[in-house]
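The structure comes next, and the notes follow it.

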Amino acid sequence: YKVTHHLQYPPGTIKVYSYFECRGGQFETVCFFGLQYFLKKYMVGSVVTPAKLNEAEEHFKIHFSNPVHGYDPKLFNRASWEYIIANHGGKLPIEIKAVPEGTALPYKNCLFTMENTDDNCYWLTNYLETLLVQIWYPTTVCTQSREQKKIIMKFLKDTGTPQVIEGGGHLFKLHDFGFRGVSSVESAATGGAAHLVNFLGTDTMAALMCAKEYYGEAAAGFSIPASEHSTMTSWGREKEVDAMRNMLEKYPKGTVACVSDSYDIFQACEKYWGTELKATIEAREGTLVVRPDSGELPGIVLQVLEKLGSRFDCTTTSTGHKLLPPCIRVIQGDGIDIKSLGIILEAMKAAGWAADNLAFGSGGALLQKLHRDTQKCAFKCSYAVCKGEGVDVVKDPVTDPGKKSKKGRLTLECENGEWKTVTEGKGDPTKDILVTIFKDGELLVDEKFATIRKRAEIA
């Protein structure tokens, strides 16, 4: 419907200024990420062309036609698009100011603002909402991933293995299994890259390509050789131990993961890994990661740890928690979301197991089981200029006070660790953390992935 909005603004409108925020949501701290991808992909350069304009008009003639009343040619704003081509070379006369990507700040704060830079293109600001509000997705993935990182770090400390964090091992504790569980390749790319802001483990290749092409990171994530059920069950039940031995022989060094619940996870832990293949595992230069992939949580994790612990010599951490030897660990990749992750780690702690025994894999819950209202993301107009007069604009529905929007021109300020969005043009521009990153078709700030990661780090 936005194609018709140029007819709806008050007469004499020359400026529309809008902003994006998380109005609330599941997590009180938001980690902003993904805007640079959308700008580079869709908005930088001469993106409006005569060919695109003609194609769009043909589509809208059909899309907005009525079997009784026909088509109203005023609905499609052809003259204004032609104006952009003629006067701006097809570049979008828009200015965007945004908080630097990777910044973690409380929700209910402005994350970016957008306004037209040409008085004749006031209608363009909110026309672009549909595209740019899609950053709700990478921002929400990044936010939730970061919250899971906090939980993992807490339990690593609480169970006596802070050295894992000091050595960067915690960055491999939540592995992205999510490519096949998302709605599109673009979702895998942007969501997977968002997760990599916080971690280093992934099997989502699209995320690596996104980080490389749009954020200048040659290798944003890493993986290891790992089996799936097809490569194990194709050997047959009677030769499962041979399939397991094959994994150890084909990958004699480094970390290798093996799914072990094809038939009997307990037999796999005790008889195969813990007896027949134990000497090979202990002699390897690296770590075998045992993967259960079924069973009730958190019980299955504790049962696997107990079975392995009965066969391999454990040590005790400073907090009295048991730790398997470095040659063997466990990864739980079935049923993992932010809730079950915390439940499992809490159960391990209570049962006397150190968090470092376990890594997690997460797929649909990491990249797909969220939506725009997870963090209540919204884009609203807060200021306009009509007939030469500046007007503070606000939405304030009596039926939902939580949807009240911010009013006027905004600044995002932080003093002594306290963040606030100052409204109604009352902020101090010298303290504004929002940075002009896009103007008139040009990207003014090109962030590197390493810089974004640094901002997002958890103390």
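How many cavities of 30 Å³ or more does the structure hold? The structure holds 2 of them. The model is predicted: local features need pLDDT of at least 70, side-chain atom pairs count only at pLDDT 80 or more, and totals for chains, interfaces and linings use all residues. Residues are numbered from 1 along each chain as its sequence is written, and side-chain values use heavy atoms, with hydrogens and water left out.

**Cavities and pockets**

The search runs on a 1 Å grid over the protein atoms alone. A cavity is a set of points where a 1.4 Å probe fits but cannot get out. A pocket is an open set with protein on both sides within 12 Å along at least five of seven lines. Lining residues have an atom within 4 Å of a point. Points are joined across faces, edges and corners, and a volume is the space filled by probe spheres set on the points.

| Space | Volume |
|---|---|
| Largest cavity | about 50 Å³ |
| Second largest cavity | about 30 Å³ |
| Largest pocket | about 1200 Å³ |
| Second largest pocket | about 520 Å³ |

The largest cavity is lined by Lys2, Val3, His5, His6, Asn77, Trp81, Trp123 and Tyr127. By class, that lining has 4 nonpolar, 3 polar and 1 charged residues. Here Ala, Val, Leu, Ile, Met, Phe, Trp, Tyr, Cys and Pro count as nonpolar, Asp, Glu, Lys and Arg as charged, and the others, Gly among them, as polar.

Around the second largest cavity sit Ile152, Leu156, Lys173, Leu345, Ala355, Leu358 and Phe360. Its lining divides into 6 nonpolar, no polar and 1 charged. Helices (H or I, at least four residues) and strands (E, at least two) are DSSP runs, numbered from the N terminus.

The largest pocket has a volume of about 1200 Å³. It is lined by 43 residues, and the closest to its centre are His175, Phe177, Ile224, Ala257 and Ile331. Two or more lining residues come from each of β6 (174-176), β8 (288-291), β11 (328-332), β12 and α16 (364-367). The classes are 16 nonpolar, 17 polar and 10 charged.

For the second largest pocket, 18 residues form the lining. Val47, Val48, Lys52, Trp81 and Tyr127 lie nearest its centre. Trp81 and Tyr127 also belong to the lining of the largest cavity. The elements that give two or more residues to this pocket are α1 (35-43), α2 (50-63) and α4 (124-127). α2 gives the most, with 5 residues. The lining has 14 nonpolar, 2 polar and 2 charged residues.

**The α6 and α15 pair**

α6 and α15 (residues 338-350) pack at an angle of about 0 degrees, with their axes 10 Å apart. That makes the two helices roughly parallel, a label for angles under 35 degrees. Axes are lines fitted to C-alpha atoms, for helices over the stretch in contact, and angles run from 0 to 180 degrees between N-to-C directions.

Which residues make the contact? α6 brings Gln144, Glu147, Gln148, Ile151, Ile152, Phe155 and Asp158. α15 brings Ile338, Leu341, Gly342, Leu345, Glu346 and Lys349. Contact means heavy atoms within 4.5 Å. By class, the contact has 6 nonpolar, 3 polar and 4 charged residues. Ile152 and Leu345 also line the second largest cavity.

**Two sheets**

Strands of a sheet pair through backbone hydrogen bonds, either parallel or antiparallel. Two strands count as paired if DSSP finds at least two bridges between them.

β1 (residues 13-22) and β5 (residues 110-116) are joined by 5 bridges. Phe20 stands opposite Phe112 in β5. β13 (residues 377-386) and β14 are joined by 4 bridges, and Tyr383 stands opposite Asp392 in β14. These two strands form a hairpin with 2 residues between them. Lys387 in the turn has a positive phi of about 50 degrees.

The other open sheet has 5 strands in the order β6-β12-β11-β8-β7, with parallel pairing. β6 and β7 (256-259) are at the edges, each with a single partner strand. Neighbouring strands are turned by 30 degrees against each other on average, direction ignored. β7 and β8 pair over 4 bridges, and Val259 stands opposite Arg291 in β8.

Note on methods
Angles under 35 degrees count as roughly parallel, over 145 as roughly antiparallel, 65 to 115 as roughly perpendicular and the rest as oblique.
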